[in-house]
Amino acid sequence: MRKGIIFFVLATILVLGFAVQHVWILISLLIVDGREDAISRAELPAPNSGAISERPQLIPKIIHQTYINASIPAHWKGPQQSCLDLHPDYEYKLWTDKKAREFIAAEYPWFLETFDGYVYPIQRADAIRYFVLHHFGGIYIDLDDGCNRSLDPLLAYPAWVRRTTPTGISNDAMGAIPRHPFFLKAIDSLPDYNRRWILPYITVMASTGPLYLSIIWRHYNNGNPQGDDRVRILFPDEYNHHPWSFFTHHLGNSWHSNDVKLIFWMGQHWVLITFAGFTVGFALLFCMYTTCIRPRQANAPKARSVYARMPFYRRISQKDVELDDRHQV
Ligand SMILES: *[C@@H]1O[C@H](CO)[C@@H](O)[C@H](O)[C@H]1NC(C)=O
């Protein structure tokens with residue numbers, strides 16, 4: 001085999017290895033489902049069971065919600081009220097934009113710059129929930145989630161989140177004791193993940209939203225937490241569309257925009273997209289290596305700048321580049 005081919009194959013393996021290592025946590029999200037941490041229906045008492053009061057109450061009885069201001073839109077008043085009605089003995093905290101900022105400034109000043117710098121308001125709404133759970137403990141519930149039964153049985157777990165389909169965990173309803181190490185990690189990692197991606201949806205998902213929390217969850221579980229440090233998982237079967245479900249869902253994702261359709265389409269066709277991506281990538285590499293680059297003829301026009309970014313060339317002066325003879329590469 002020619003040296004060039006060996007080089008090409010090695011470089012490709014290197015690049016692929018690098019890419020896979022970088023997205024390993026993402027790939028693992030597709031495989032790991034968190035079953036080992038599931039809160040099974042068998043251990044949850046029925047809605048009116050006397051067994052509920054015999055369980056430990058670890059999580060403080062506080063419900064946290066977030067909105068821009070105190071004027072909750074009419075279509076969310078129903079779900080909000082359903083949670084209030086079922087939990088008369090819980091403290092209720094509505095985190096408006098103003099209150100959220102004051103809270104961060106007072107309790108977590110190291111985060112204020114990142115908090116203020118977020119481009120999308122939903123990023124602040126995402127972030128604040130991790131901070132209030134870390135600080136006060138309690139249960140966070142999105143305004144578009146209503147309550148179907150008392151959440152008391154869930155107070156027995158030091159930390160829990162909901163599994164979401166097709167992969168990962170959601171941040172729309174979560175509970176924790178104050179200072180739980182998972183939420184400590186979730187708040188500590190926020191500045192590192194504050195990056196902008198091309199689409200707003202990806203930026204929000206990956207910097208503060210469910211994808212962010214799922215990645216943190218994978219990293220956290222790699223440390224093999226035991227006992228109270230475990231994060232327990234509520235699976236859809238246990239929380240959706242049943243008399244024993246804890247939550248009901250109401251439409252109204254307040255921030256979804258046009259790019260969402262594209263993302264959902266990509267989510268459904270990720271195998272195809274991955275395959276297409278690799279195909280195009282390999283085709284480009286192969287093309288660069290073989291046919292697209294030809295040694296410049298004496299009378300050919302000067303190498304255009306695009307060649308200057310390609311491999312297998314040699315710079316012979318400040319302005320000029322010359323392609324290496326491929327057989328010598
Ligand atoms: C609350 O926010 C909504 C949405 O931005 C706005 O329409 C409304 O006027 C605000 N209400 C108050 C009392 O500021």
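This is a predicted model: local features need pLDDT of at least 70, side-chain atom pairs count only at pLDDT 80 or more; totals for chains, interfaces and linings use all residues.
Welcome! Residues are numbered from 1 along each chain as its sequence is written, and side-chain values use heavy atoms, leaving out hydrogens and water.

**Around the ligand**

- I68, N69 and S71 surround the ligand; a residue is listed here if one of its heavy atoms lies within 4 Å of the molecule.
- S71 also faces the ligand with its side chain, an N or O atom of which is 3.3 Å from a ligand nitrogen.
- Both distances belong to polar contacts (pairs of N or O atoms within 3.5 Å; within protein, one must be able to donate a hydrogen and the other to accept it, and residues adjacent in sequence count only if both atoms are side-chain atoms).
- On its own the ligand has 360 Å² of accessible area, and the protein covers 32% of that; such areas come from the Shrake-Rupley method with a 1.4 Å probe, and for residues only the protein chains shown count as cover.

**Salt bridges between loops**

- Side chains of opposite charge can pair when their charged atoms come close.
- The structure holds 10 salt bridges, each being a side-chain nitrogen of Lys or Arg within 4 Å of a carboxyl oxygen of Asp or Glu.
- R230 and D37 form one of them, at 3.0 Å from N to O.
- That pair links distant parts of the chain, 193 residues apart: R230 is in the loop between α9 (210-222) and β7 (232-234), and D37 is in the loop between α2 (24-31) and β1 (62-66).
- Helices (H or I, at least four residues) and strands (E, at least two) are DSSP runs, numbered from the N terminus.
- D37 is buried, at 7% relative accessible area, while R230 is partly exposed at 26%; buried means under 20%, exposed over 50%, and partly exposed in between (1.4 Å probe, protein chains only).
- D89 pairs with K61, their closest N and O atoms being 2.8 Å apart.
- Since D89 lies in the loop between α3 (74-86) and β2 (91-95) and K61 in the loop between α2 and β1, the pair ties together parts 28 residues apart in sequence.

- E91 and K93 meet in a salt bridge of 3.1 Å, N to O.
- E91 is partly exposed at 41% relative accessibility, whereas K93 is buried at 18%.
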